[in-house]
Amino acid sequence: NLKKFPENFLWGASTSAYQVEGANLSDGKGPSCQDVKELPAGTASLDICADHYHRYEEDIALMAEMGFKVYRFSIAWTRILPQGTGEVNQAGIDHYHKVIDCCLEHHIEPLVTMFHFDMPAALDERGSWSNPESVEWFENYARVLFENYGSKVKYWLTINEQNMLTLVGPLIGTLHIPEGCENVIKETYQQNHHMLVAQAKAMVLLHKMFPEDKIGPAPNISLVYPASCKPEDILAAQEYNAIRNWLYLDMAVFGRYNNLVWRYLEEHDATPTFREGDEEALKAAHPDFIGFNYYSTSTVQHADADEDLSPGADQQTARGEAGYYKGFNNPNLTKTEFGWEIDPLGFRANMREMYSRYHLPMIVTENGLGAYDTLTEDGKVHDNYRIAYLRAHIEQLKLAITDGIEMMGYCPWSAIDLVSTHEGIRKRYGFIYVDTTDEKVGTLNRYRKDSFYWYKKVIASNGED
Ligand code: BGP
């Protein structure tokens, strides 16, 4: 007795500006933190990527051919405001007008991420998110976006994976801990607090300027399982769930800190400092929906207070907090060739848990399989492994809808091949293959993968095929 996908279900896929566009310093764009950081060895530089900046029309036409109802992409802050604040770059404004118009001409709703891992380098020099003024920087950027695009774009996402920025920010390159910082946890969560207030202000601003538009957060939600039924493992999983997942959504939806997280911060002398008005700003904001990225679940076990979990030999146990939890390799799950666990049932569990906590409609803003794809001589990509991954997740999505959960749409990662956060362009996610490698820029021609034709059928049948 499976329920059907709603008639207006938003099928589509996602990209992010710095990973797909290229032209990273063209037409007045200022550098972002991604453009000034040292890239992982042997990975493609960001000046070309998939060259989506120049080829967006061809790409969006291919998305339309698949039947997309929505395209999730991000706007590069430094195309709009090259220095992060101050002067607006008209060429950048014009570019995204063209991208948005192109989507609309193809009857594709743009779902715009305001900030996807690309802090303006000029703002990094002014202290980045550790500077309390970052709240105003982001609010100002939000105002420029809404003024220009608010009448055309109905769906907005604030900050992509704020929880990943906070938990592994230095690795992603967009959260910096000042040299010699004495309390790294306090510094990290102060920066996180500024992002939360900035997000809240952006949500309020959009609702004021365009009451019909909809906005939500886009954290990476990875439901945490206990490694066993030992009560201490259950507590450990609850604590990690609070720190990894619920902090961000509790703040976005209820405007208050999760009590388990607060206790954790108190224990580390790391509770964030509130500026005047922060509390009111957080309480005043209400997302219309929740966007979330899902790749897999996490599994943890209890960790004793005196355990050494410093990053070292064992990656699994190193993922942890002494006295709270430590990572555990779930023996019930298989892995992708890049070592990411595959857990479609966990996807459903994730949606159930989120819906019972927040009762808001949800949209999947990322989900997908990164793999080494091969282009055959006759221009084909047989990515049956990707089809299997996505099919299994769509089945669970349908079951989640049958569970009574309001799902608005599904945007796998990624619409087209792009540069991975750490692995270059060799780790591909797209439905559309781009002929280029980390070593050498290729023809950049586009090829439809087998998953392209498969997803087209899924969309045409509204998820029945
Ligand atoms: C998410 C990010 C994306 C994307 C994806 C895949 O965390 O929001 O930007 O890159 O993960 O990750 P990766 O590129 O590391 O395989």
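**Questions on burial, contacts and pairing**

Student: Why does Ala198 count as buried?

Tutor: The relative accessibility of Ala198 is 0%, so this residue counts as buried. The term means under 20% relative accessible area, with exposed over 50% and partly exposed in between, for a 1.4 Å probe and protein chains only. This is a predicted model, where local features need pLDDT of at least 70 and side-chain atom pairs count only at pLDDT 80 or more, while totals for chains, interfaces and linings use all residues. Residues are numbered from 1 along each chain as its sequence is written, and side-chain values use heavy atoms, without hydrogens and water.

Student: Where does Ala198 lie?

Tutor: In helix H9, residues 184-209. Helices are DSSP runs of H or I with at least four residues, strands are runs of E with at least two, and both are numbered from the N terminus. The C-alpha atom of Ala198 is 9.9 Å from that of Trp129, 69 residues apart along the chain.

Student: What makes Asn350 a buried residue?

Tutor: Asn350 has 0% relative accessibility, so it counts as buried. Asn350 belongs to helix H14, residues 344-358.

Student: Which backbone atom of Ile221 lies 2.9 Å from a polar side-chain atom of Asn350?

Tutor: The backbone oxygen of Ile221. The side chain of Asn350 also has a polar atom 2.8 Å from the backbone nitrogen of Leu223. A polar contact is a pair of N or O atoms within 3.5 Å; within protein, one must be able to donate a hydrogen and the other to accept it, and residues adjacent in sequence count only if both atoms are side-chain atoms.

Student: How many residues surround the ligand?

Tutor: There are 14, and the closest are Gln19, Glu161, Thr421, Lys427 and Tyr429. The criterion for being near is a heavy atom of the residue within 4 Å. An oxygen atom of the ligand is 2.8 Å from a polar side-chain atom of Gln19. For Tyr429 the corresponding distance is 2.6 Å, and for an N or O atom in the side chain of Glu366 it is 2.9 Å. The ligand taken alone exposes 380 Å², of which the protein buries 94%; such areas come from the Shrake-Rupley method.

Student: How do you know how many disulfides there are?

Tutor: A disulfide is a pair of cysteine sulfur atoms within 2.5 Å, and a search of the whole structure finds 0. Cys49 is in none, with the nearest cysteine sulfur, in Cys33, 14 Å away.

Student: What makes strands E8 and E10 a pair?

Tutor: Two strands pair if DSSP finds at least two bridges between them. E8 (residues 298-302) and E10 (residues 325-327) are joined by 3 bridges and run antiparallel. In one of these, Val300 has Gly327 of E10 as its bridge partner.

Student: Why are E6 and E9 called edge strands?

Tutor: The open sheet has 4 strands in the order E6-E8-E10-E9, with mixed pairing. Strand E6 (224-226) and strand E9 (320-321) each have a single partner strand, so one side of each is left without a neighbour in the sheet.

Notes: Areas by Shrake-Rupley, 256 points an atom, 1.4 Å probe, with all protein chains shown as cover.
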